[in-house]
Every structure is written in C-alpha cells, then in structure tokens.
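Hi,

Here's the structure I promised to pass on. Open it up and have a look around, then read on for what turned up.

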Amino acid sequence: MDVRMHKGNVVMNTATMAYRNLLKTIHNPDSFMDVVIQPVMFMLMFGYLFGGAIAGGVRAYLPTIVPGILIQTMLSAGTGSGAQIREDLDSGVFDRFKSLPMAHIAPLAGQLFADSLRLLLATITSLTTGYLMGWRPAVGFKWVVVIGLLAIFTGWALSWIFALLGLLAKSAASVQSLSLMTMLVLSFMSNAFVPLHSLTKPLRFIANLNPVTYVITAIRQILATGGWTHEALLVVVFDVIIVAIFAPLAVWAYDRN
Amino acid sequence: MSTKNAIEVSHLTKRFGQKTVVDDISFNVRQGEVFGLLGPNGAGKTTTLRMMTTLLKADAGQVTIFGHDTVKEGRLARSMFGLTGQYASVDEDISARENLMIFSRLNGLSRTAAKQRTTELLAEFSLEESADKALKNFSGGMRRRLDLAVSLITRPTLIFLDEPTTGLDPRTRAQMWTTIRQLVKQGSTIVLTTQYLEEADQLADNLAIIDHGKLVKMGTPAELKEQIGGARLAFTVSQEDQVQPAVQLLTGQVTGVIQQTGQQLSVPLKQITQLPPILAALKQAQIMISHLSVKEPSLDDVFMNLTVGKN
C-alpha cells in the first residue's frame, strides 16, 4: 500500500493554500477591482464633496480622510475574504480539502494570507490617490510605510472576524450584505471622515466606543508626530487578541460546517 | 472469512433536525470489490458516503476503514482513501495541472514528486492537451476525469465515487466506466453511489439499496434483478373480445402475473427468448396485437417492488 503518511505540516499546508488562492486571483484579475476602484472613488468623492465643508479645503481635509479611507478599504477588503470563503465552501472543492489529511486551519489561513495581497494593493492605491490629490505627510516615507503596515495588519486581523462570519452564514450573498452593513456602520460611526468634536454627544459616545476610531487616531498621530505611539502599540495588541480569539473560532466553525 | 473487509459500517444514523436521513445502516465492503449504494435522489446515499469519508459526523454508529475508526483515527483513516464528490471538487478558476500540483502538495508530496505525479496523471487521464487551460473551458467529462485523477494522487487502494456519471452523456459515461474497471483491475476497492440501475449492474459486485434512509436490500446485481423480476412485454390487443382469450393463452406460457388495463396487457418475461414463442402462439390463435414493446425493469420498479407495504 502506497499511502504517504502526513505529519500535518501546518506551515507547508498553509503556504500551499496561499499559493492556490494567489493562483485564483491571478487567473481572475477582476477580483482586485473592488479594492482598487473603491478607495479611488471614495477618496475623490469624499475629498471634493466634503473637503470644503469640513476642513475648509481639499488639501486641509486630506490628513483626516486619507487614514479614514485607508481603514475603510481594509474593512471592505476583509469582508471580501468572508464572502470568498463562503463561496469556496459551497463549491465542493472544500469537501476535498477536508477529506485530505491536512491541518484544518490551512485552508482558512491560506486564504487570508493570500488576501493580504489585496490589502497591500488597497493600501498602495489609497495612499497613492491621496498623494495625487495633494496629500504630503511631513514625517517622510518611512512613517508612511509604517502606517501602511499597521493598516494591513489591522485589516488582516479583522478578516478573521469576517472569515468566521463567512463560515457561519448561509450563503455568500448573506455574508456580503451583513459585512457591508458592518463595514458601513464601523467606518461612518467613527472619526474616519469627520472630527469627533463636531459630533452630537450620543454619536460621539458611539464613535469613542468604535475600535475603528482608535486605529485611525493611532495612524494620524504617527503621521503628525513622526514617531511610534502608545496608541499604535495598543492597536497592534488589540489585533493580536482578535486573531487569538477569532482564528480558533473560525477553525471550530470550519470543522462544524 | 477468507477476504478481509475494507470498510465496516455499523448502525450508522444521521438526523437533520426531526428528519432521520440515514437510519441504522450496516454493511461491509470487502477488499477489491466494487460496492454500490443504489437509491433515488434524497435516499441518503450521499449522506452515508459523507459520513464514511469523515466529512459529516454521524449521530450514532461507527465506520471503520481498514480497521481504523473514522472518528477516533480520522486523520489516519483519511489518508487511506481517495474521494470524488458529486459536484466537481476541483478548483474551477485554475488549470488542471495547477489543481493536480496543489492537491499533490497538500497530500504531502515533495515538489519534485508532485510534478512527476502530475505529469503521470495528466497522461493517464488524457488531459495533457488541456493541462494548462482554465477549467471553465472543460467539458463535464474532462472535469470528472480530472476530479478522479486528483482522488488518485496518493494511489489509494480505496476510492469513493459519489455519483460518478450523473449528468454525463452516454459516451463519456462509458469512458468513465472503463476507467473504473481499470482501477478495479489494479486491485482498488471502490464504493460508488448511483441512481442508475444500469450503472450498478455494469460495475458493482455488491449492492445496497437505500430508500428513505433505510437499507432496503443487499445483494449482488443478479440476486436483486431476480427479486425485481425481468423485463415486461407490453402490447395492445386490437379487438376487445380477444383480450380474455389472449390472457388465457399466455397464462400457460409465462410465470408471474399478467396485468390487464383495458385492452393493454403487460406480461412478465424471465428471459427475452420467451418472446418468439409468445408471438407465435398469438399469431396461431389469430389474435391481432399492436403497440408492442419490451421494457427493462427501471429503478422505479425496484422501489415499487421492494418498498411495497412499507410506506
């Protein structure tokens, strides 16, 4: 009998699954459209629509809106992962993954690692659009890279939550609509587009509870001061906690499916 | 016992809410045989197969594969079989070669071994020409072939096929049957589900008939066919006053019940060679007939026959 026993090499399995998802996106470049078009569209629309009203000009509004749209794009890229996982589960190919003697976290982790490419692309598009509209962070390129990485890591951590949603939901369509709502509420009920002091008391209370507010504040602080901050560290810790909670939950939901 | 069991299924039960989808099913699959699970849509075949292949947890009962419990030793059991699902369980968005490479790697083959196995399987299943095309452009038959090829990467000696030919045209179906027979020749044990009596007849050494989640009957195709009875001869007697003489004439010639609906008669045939004497006798008695047909037993007949009085 030629049966190769397998040691459950989690890293190897995950790398293979990430490669599979990368191949899928390379064969379907359309799947990148959302993360490329959305930040450009929002940056132009919001910048030119609200810039004058909120900050007295587009250029003055950019330091507010660039981090805001960056994080909003991360959120919506994360929702894409959830929908993709649901679609995969329904396609039958996951049956085969599950019947293979491999680590059960690999298909999920592979998907999310491959999706970090989407996050990277979304980050580059958001920041470049900002730059073309006149955004010039005074702190230099190094810190722009730092906030880019912070945003990607946050987006990646959040995508574990959307992955769990995807695994628990009944269809890809329901994941999409549920995620869209979550994304809209989280990004608008925060300091992403407007200064907090302009909000009414109850609204400000909600925005202060919203984790998105903290991520955006941390990014703005780094861009304003050109140094690593306490808040930024908190965001990283928070992201790690999210992964620590939601990755095992996602694997549990995957086994249950 | 001289032959070892590849699979032992005992008291397998699955409920979805209030509904019992698989109800206390037990059977054994011997090494080297083709075992067929035959039943209509929704009978519980796929659910049974999914529990046997560790994709679904049973509510009660046990499955062992080569002596290994699929729950307690799931990983070990999983490494011992290949599975081809009902819906093509290959990636639509990537090419045949990429599919084989990825599944080879996931099965623990090294990069070099994976490449070699991919080349072998592409050749074996005549997929070389389309190896680098996206699967979207594949025909149903090619997709199934790739699906089967993926299941065979580790050369498992036990292969599960869930409705391997559903939705295929007759020519592709025949190709699939040839492939399955070749696997048997190489010594594989095969468990397949099917809704086609003909397919079960062509391929299976042993059959379990499942209906409403229950195992209704087990046996070889020959045994089952005997149970169902063979083909039926149907014709219409042209003149009404000749119906009764025709029935009387044929009662002596065949065993079994002759069914009469108006001027239509349906006569059981044990063998097709009974046909000429019947026609000759009718001609001699100057009974005119029309609309003559011979009908092979269908799966419907099997269930009518096996589930009478049970539902």
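Start with H2(A) and H3(A): their axes cross at roughly 145° and come within 9 Å of each other. The crossing is right-handed. On the H2(A) side, the residues making the contact include A:Val35, A:Phe42, A:Met43, A:Phe46, A:Phe50 and A:Ile54. From H3(A), A:Tyr61, A:Ile65, A:Val66 and A:Ile69 are among those that meet them. What kinds of residues make up this contact of H2(A) with H3(A)? By class, there are 16 nonpolar and 6 polar ones, and no charged residues.

Before you go further, keep in mind that this is a predicted model. It scores ipTM 0.75 and pTM 0.71. Chain A has an average pLDDT of 88, with 96% of its residues scoring at least 70. For chain B the mean is 86, and 93% of the residues reach 70 or more. One stretch to watch is residues 1-7 of chain A, where pLDDT stays under 50. The model does give that stretch 15 contacts beyond four places in sequence. Still, where pLDDT is low, the predicted coordinates should not be read in detail.

H6(A) passes H7(A) in a right-handed crossing. A:Phe162, A:Leu165 and A:Gly166 come from H6(A), and they meet A:Val175, A:Leu178, A:Ser179 and A:Thr182 of H7(A). Sorted by class, that contact has 4 nonpolar and 3 polar residues, with no charged ones.

Now for the pockets. How much space lies in the largest pocket? About 640 Å³. Its lining is made of 31 residues, and the ones nearest the centre are A:Ser31, A:Gly80, A:Ala83, A:Gln84 and A:Glu87. Helices H1 (10-27), H2 (33-55), H3 (58-91), H5 (106-132) and H7 (172-188) of chain A each supply at least two lining residues. Which helix gives the most? That's H3(A), with 9 residues. By class, the pocket lining has 8 nonpolar, 14 polar and 9 charged residues, whereas the contact of H2(A) with H3(A) has no charged residues.

Conventions
Residues are numbered from 1 along each chain as its sequence is written. Chains are lettered from A and ligands numbered from 1 in the order in which they are written. This is a predicted model: local features need pLDDT of at least 70, side-chain atom pairs count only at pLDDT 80 or more; totals for chains, interfaces and linings use all residues. Side-chain values use heavy atoms; hydrogens and water are left out. On a 1 Å grid over the protein atoms alone, a cavity is a set of points where a 1.4 Å probe fits but cannot get out, and a pocket is an open set with protein on both sides within 12 Å along at least five of seven lines; lining residues have an atom within 4 Å of a point. Grid points are joined across faces, edges and corners, and a volume is the space filled by probe spheres set on the points. Helices (H or I, at least four residues) and strands (E, at least two) are DSSP runs, numbered from the N terminus. Ala, Val, Leu, Ile, Met, Phe, Trp, Tyr, Cys and Pro count as nonpolar, Asp, Glu, Lys and Arg as charged, and the others, Gly among them, as polar. Axes are lines fitted to C-alpha atoms, for helices over the stretch in contact, and angles run from 0 to 180 degrees between N-to-C directions. A crossing is left-handed if the near helix is turned anticlockwise from the far one by less than a right angle, and right-handed if clockwise. Contact means heavy atoms within 4.5 Å. pLDDT is the predictor's confidence in each residue, from 0 to 100.
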